[in-house]
Structure formats: structure tokens, C-alpha cells
Amino acid sequence: MTSQEIAIYREIQKSTEMGMKAIETISDKVYDDELTACLSEQSLNYSEIHDAASKKLIAGKAEYYRSNALTEAMLKTGIHYNTMLNTSTGHIAELMIKGSTNGIIEMEKVLKRNEQAGAKPVALAKQLIELEESNIEKMKQYLK
């Protein structure tokens with residue numbers, strides 16, 4: 001497995017972990033049952049892509065991404081801060097759209113920096129980008 005493939009798989013792990021942790025953190029602030037179901041589905045989809053990237057790294061005997069406590073704390077603090085005064089469905093959807101947009105941007109950067117990676121990691125990265133784009137479209141219906 002090349003270093004470029006490893007970089008893409010690690011970014012996939014990082015991005016999907018951030019998505020799952022964001023959903024986990026924000027879920028107790030959601031009071032709309034449909035939004036809760038939508039977020040649960042998103043988390044499941046993130047989990048499936050995360051597992052696929054992890055399996056590839058393990059099979060390639062490469063070290064996988066490990067989040068650190070500071071990154072997690074910053075994510076959770078940011079979510080709590082941004083929902084302290086406003087837990088409306090529209091605001092939560094807006095936060096999720098911003099998170100998905102950032103995930104797309106970071107994944108595109110990694111793909112540009114690792115253009116020589118093989119087809120499999122690139123395909124999984126594009127699957128994640130498509131998922132993020134789909135998540136954004138689903139969240140738009142909750143904007144008010």
C-alpha cells in the first residue's frame with residue numbers, strides 16, 4: 001500500500017469519525033423525530049465507510065487514524081457553544097450542512113495532494129463525498 005493510499009484512507013477515517021462524533025454530540029439536542037432518524041441514518045452510513053477504510057488499512061498493515069482528545073474536545077465544545085442558545089431544527093441542520101461542507105473540502109484537498117493513489121481509495125473517498133453531498137441535500141429540508 002502506498003503512502004498516498006494510506007493518506008486517503010486515513011482522511012476518510014478522520015472525516016467519518018468527525019461526522020459520527022458530531023451526530024453523537026448533537027443528538028441529545030434534537031427534538032424533531034424525522035431529523036433524529038435522518039441523523040441516525042447518516043451516522044450508520046459514516047460507520048460503513050469508516051469500516052471499509054479501516055479494513056483496507058489493516059489489510060495493508062498500515063497504521064490507521066487515531067483521533068486525539070483535543071480534536072474531540074474542540075468538536076464537542078464547538079457544538080455545545082453553537083447550540084447553547086439555539087437548538088432549533090433549522091439551526092442544527094445548518095450546523096450539519098457546515099460540517100458536511102468542511103468534510104467535502106478536506107477530502108478534496110487530500111485527493112488533490114495524493115493524485116497517484118490507486119482507484120480503490122479514490123473510489124471510497126468519492127463515495128464519502130457523495131454521501132456528504134446527499135447529507136447536505138437532506139438537511140436543506142430542515143432549514144427555516
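1. A word on conventions. This is a predicted model in which local features need pLDDT of at least 70 and side-chain atom pairs count only at pLDDT 80 or more, while totals for chains, interfaces and linings use all residues. Residues are numbered from 1 along each chain as its sequence is written, and side-chain values use heavy atoms, with hydrogens and water left out.

2. The axes of α1 and helix α2 (residues 33-59) come within 9 Å and cross at roughly 155°; axes are lines fitted to C-alpha atoms over the stretch in contact, and angles run from 0 to 180 degrees between N-to-C directions. The two helices α1 and α2 are therefore roughly antiparallel (angles over 145 degrees count as such, and those under 35 as roughly parallel). α1 passes α2 in a left-handed crossing, meaning that the near helix is turned anticlockwise from the far one by less than a right angle.

3. The α1 side of this contact (heavy atoms within 4.5 Å) includes Ile6, Tyr9, Ile12 and Met20, and the α2 side includes Leu39, Tyr46, Ile49 and Leu57. The residues of the contact of α1 with α2 divide into 11 nonpolar, eight polar and three charged. Here Ala, Val, Leu, Ile, Met, Phe, Trp, Tyr, Cys and Pro count as nonpolar, Asp, Glu, Lys and Arg as charged, and the others, Gly among them, as polar.

4. Next, α2 with α4. Their axes are 12 Å apart and the angle is about 20°, so α2 and α4 are roughly parallel. This crossing, too, is left-handed. Leu35, Leu39, Gln42 and Tyr46 in α2 meet Thr89, Ile92, Met96 and Ser100 in α4; five of the contact residues are nonpolar, three are polar and none is charged.

5. Then α4 with α5. The axes of α4 and helix α5 (residues 119-140) come within 9 Å and cross at roughly 160°, which makes α4 roughly antiparallel to α5. The crossing of α4 and α5 is left-handed. Among the residues in contact are Met96, Ile97, Ile104 and Leu111 in α4, and Val122, Leu128, Ile129 and Met139 in α5. By class, this contact has 12 nonpolar, four polar and four charged residues.

6. Finally, the largest pocket holds about 610 Å³ of space. On a 1 Å grid over the protein atoms alone, a pocket is an open set of points where a 1.4 Å probe fits, with protein on both sides within 12 Å along at least five of seven lines; lining residues have an atom within 4 Å of a point. Grid points are joined across faces, edges and corners, and the volume is the space filled by probe spheres set on the points. Of the 23 lining residues, Met18, Ala22, Leu75, Gly99 and Asn102 are the closest to the centre of the pocket. α1 (3-26), α3 (69-82) and α4 (89-113) each give two or more residues to the lining, and α4 gives the most, with eight. The lining has nine nonpolar, nine polar and five charged residues.

Terms used: Helices (H or I, at least four residues) and strands (E, at least two) are DSSP runs, numbered from the N terminus. Angles under 35 degrees count as roughly parallel, over 145 as roughly antiparallel, 65 to 115 as roughly perpendicular and the rest as oblique.
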